Amino acid sequence: MYDGRNIFTKKMIDILKKDIISCIESYYKCDLSDIDLQFSYTKQEFEGDITLIIFPLLKISKKSLKETGEDLSHNIFSKIDTIKSCNLVHGFLNFVLDQKFWLQNLDKIICTYNYGFLKRKEPKLYLVEFSSPNTNKPLHLGHIRNNILGDSISRIIEANGHEVRKVQIINDRGIHICKSMVAWEKFGNKQIPSDKNMKGDHFVGHFYIMFEKQYQKEQEDLINSGCSEKEAKLEAPIMLEAKDMLLKWEQNDKHTVDLWNKMNKWVYEGFEETYKKLNICFDKNYYESETYKYGKKIVLDGLNSGVFQKEEDHSISVSLEDVGLDKKTLLRSDGTSLYITQDLGTAVLRNQDYNFFGMIYVVGNEQDYHFKVLFHILNKLNYKWSDQCHHLSYGMVDLPSGKMKSREGKVVDADDLLDDIVSRAKSTSLELGKLDDMSDDKKNDLYSLIGKGALRYHLLKIDPKKNIMFSPEDSIDFNGNTGPFIQYTFARIRSLVLKSGISNFKFKTDLNITEQEVRLIKIILKYPEVIQDSFKLLSPSLIANFIYDLVKEYNNYYQNNQILSLDDEHQVCFKVSLSDMVSRVIESGMNLLGIFVPQKM
RNA sequence: AGCCCAGUAGUUCAACUGGACAGAAUGCCGGAUUUCGGCUCCGGAGGUUGAGGGUUCGAAUCCUUCCUGGGCUACCA
């Protein structure tokens with residue numbers, strides 16, 4: 001899969017593994033290619049660097065664990081220079097490598113540009129769809145998780161040597177926006193957002209909530225006058241008005257379409273501001289109001305070619321029983337389109353636009369089934385790219401008080417949250433008072449960088465598929481496994497390197513270095529693998545946890561070792577070079593999460 | 001009812017996808033600065049990995065039966 005793998009360090013370790021394997025093969029005179037031999041870094045509590053698990057070899061050796069281990073250690077040890085010694089603990093054969101091995105590896109990567117990133121001869125093009133809001137209300141915390149996941153995974157795909165286009169589908173039509181429109185006509189007094197000094201999306205969202213309140217009230221009145229709950233839901237006058245407006249919209253009624261355009265424009269202006277704050281942008285926006293018609297065409301074509309079928313009531317559906325799923329309706333009996341209809345249209349349209357290799361949909365896990373169905377349908381329609389469509393499914397963000405409910409206005413608003421987190425970064429920084437010589441502009445940039453870094457890191461360090469319990473008051477820490485903790489470590493290293501005056505990071509590879517320095521090098525050497533895994537598993541959290549491991553190890557190192565005051569200039573040079581490399585990996589990894597790191601904080 | 005996902009220290013999360021004594025953070029308790037940035041570091045207590053059974057050299061991880069929470073099973077999005 002990683003056709004363009006060209007990482008030297010990875011290769012060096014691979015070569016070592018290969019050497020070990022061929023030693024074993026020649027010793028037992030056998031072929032090991034169908035035995036799954038596992039190598040791993042040796043755990044810290046044991047002596048060694050690389051570990052081979054020898055249980056699987058017992059079949060071949062036909063000897064006891066102990067004898068097998070001893071046979072192998074005598075054999076391999078004597079044949080491979082890099083291996084200084086080895087020891088056997090239980091079924092684990094630990095190899096102790098010459099320190100030079102690690103120093104040489106570090107030396108090879110220390111000045112490489114974009115260390116860890118893959119370059120490919122033939123990059124593939126991926127589309128990443130995320131955000132995809134409705135236009136009847138502002139963005140909330142759930143959208144923030146979605147946006148930073150989408151943004152981060154896009155960066156990760158690029159780091160894997162591919163090309164990415166970021167797209168969204170804007171759900172700009174349907175009953176939800178009609179609700180806001182009706183409420184504005186009824187209660188809005190022709191006001192516009194600036195009259196109330198509000199962002200456009202908040203302004204429109206305000207009317208959506210007004211609609212729901214009024215709707216609720218009318219339902220209660222109807223029930224009190226003897227209606228059933230079901231009737232009340234359907235017959236409430238304001239709901240009838242909304243449905244009527246949807247119908248008018250579909251008939252292209254001028255007044256309705258003008259109103260629709262006006263209100264959507266307000267919303268887009270608001271979204272734009274929020275995306276800017278989040279540092280999110282898109283290469284192309286798709287609008288449901290434009291793609292749903294194309295979806296209908298796809299469905300009708302599918303009907304003609306016999307992939308879909310027409311029901312007695314004239315609706316069109318597809319049978320998915322052959323793949324273990326239910327029948328799915330694709331077009332209503334009155335010919336109007338459904339969610340899946342426009343998603344089909346959007347997907348095919350995108351492939352026409354971009355001729356992409358694969359597409360990643362960043363959408364919440366409540367739509368797992370929907371995407372399973374969508375991909376199967378695309379497959380039935382014979383689109384070859386359908387098996388390169390992936391759903392990056394993520395868990396909900398819940399509040400301590402329960403689920404967020406936008407209808408009731410019970411949400412953590414994206415703008416509020418961003419402002420709040422930045423102002424908290426500000427007050428913490430002021431308390432510490434280390435920025436006195438900085439201009440106000442720079443200070444404000446820094447607060448924003450710290451606050452948003454905290455938020456992004458907090459949401460990205462968690463495995464996407466897990467739900468997040470988010471309490472706005474206390475869940476954004478600046479200590480421990482957090483963004484600011486990492487940013488601080490970075491700034492401190494930059495300060496150290498600056499002070500050292502060293503800019504040519506070369507060192508002797510026959511130095512004596514400590515075990516902890518070897519540990520740091522090993523972590524650094526793992527970075528390319530982490531980048532690849534996070535793409536394979538579509539999980540930025542792997543990168544977040546990796547950076548944290550690196551930072552924790554480094555902070556311990558920094559605390560317990562003098563660097564600049566050492567007499568041996570070779571040691572100083574090595575330690576500064578190592579520190580510099582650590583800071584570069586931190587910066588690179590954080591950037592993959594869409595987080596920036598400050599030179600000072 | 002069926003299907004999908006999750007369940008790990010008080011809390012929030014890890015665990016290289018089957019590997020060594022399940023690790024961090026936070027909170028609690030106790031320590032460290034004649035020092036390159038203390039938003040730092042070190043130590044302690046804290047676990048029957050929801051429960052039972054199975055598979056094997058080895059299980060938080062795979063299979064199975066339950067329990068709990070969430071989601072989906074729309075001619076909603």
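## Close-up views of a protein with RNA strand B

**View 1. The protein surface around RNA strand B.** In this predicted model, 60 residues surround RNA strand B, and the closest are Asp 313, Arg 332, Lys 434, Arg 492 and Asn 561. A residue is near the strand if one of its heavy atoms lies within 4 Å of it. Of the RNA strand B atoms that come within 4 Å of the protein, sugar and phosphate account for 56%. The surface near RNA strand B has 23 nonpolar, 22 polar and 15 charged residues. Here Ala, Val, Leu, Ile, Met, Phe, Trp, Tyr, Cys and Pro count as nonpolar, Asp, Glu, Lys and Arg as charged, and the others, Gly among them, as polar.

View 2. Look for Asn 94, where a polar side-chain atom lies 3.2 Å from a base nitrogen of RNA strand B.

View 3. A pocket, on a 1 Å grid over the protein atoms alone, is an open set of points with protein on both sides within 12 Å along at least five of seven lines; a cavity is a set where a 1.4 Å probe fits but cannot get out, and lining residues have an atom within 4 Å of a point. Among the 42 lining residues, Tyr 41, Thr 42, Arg 519, Lys 522 and Ile 523 lie nearest the centre of the second largest pocket.

**View 4. The largest cavity.** About 40 Å³ of space lies in this cavity. Its lining is made by Arg 145, Leu 149, Leu 459, Leu 460, Ile 462, Pro 464, Pro 540 and Ser 541. By class, that lining has six nonpolar, one polar and one charged residues.

**Notes for all views.** Residues are numbered from 1 along each chain as its sequence is written, while chains are lettered from A and ligands numbered from 1 in the order in which they are written. Local features need pLDDT of at least 70, side-chain atom pairs count only at pLDDT 80 or more, totals for chains, interfaces and linings use all residues, and side-chain values use heavy atoms, with hydrogens and water left out.

Technical notes
Polar contact = N/O pair within 3.5 Å; in protein donor to acceptor, adjacent residues only side chain to side chain. Points joined across faces, edges and corners; volume = space filled by probe spheres on them.
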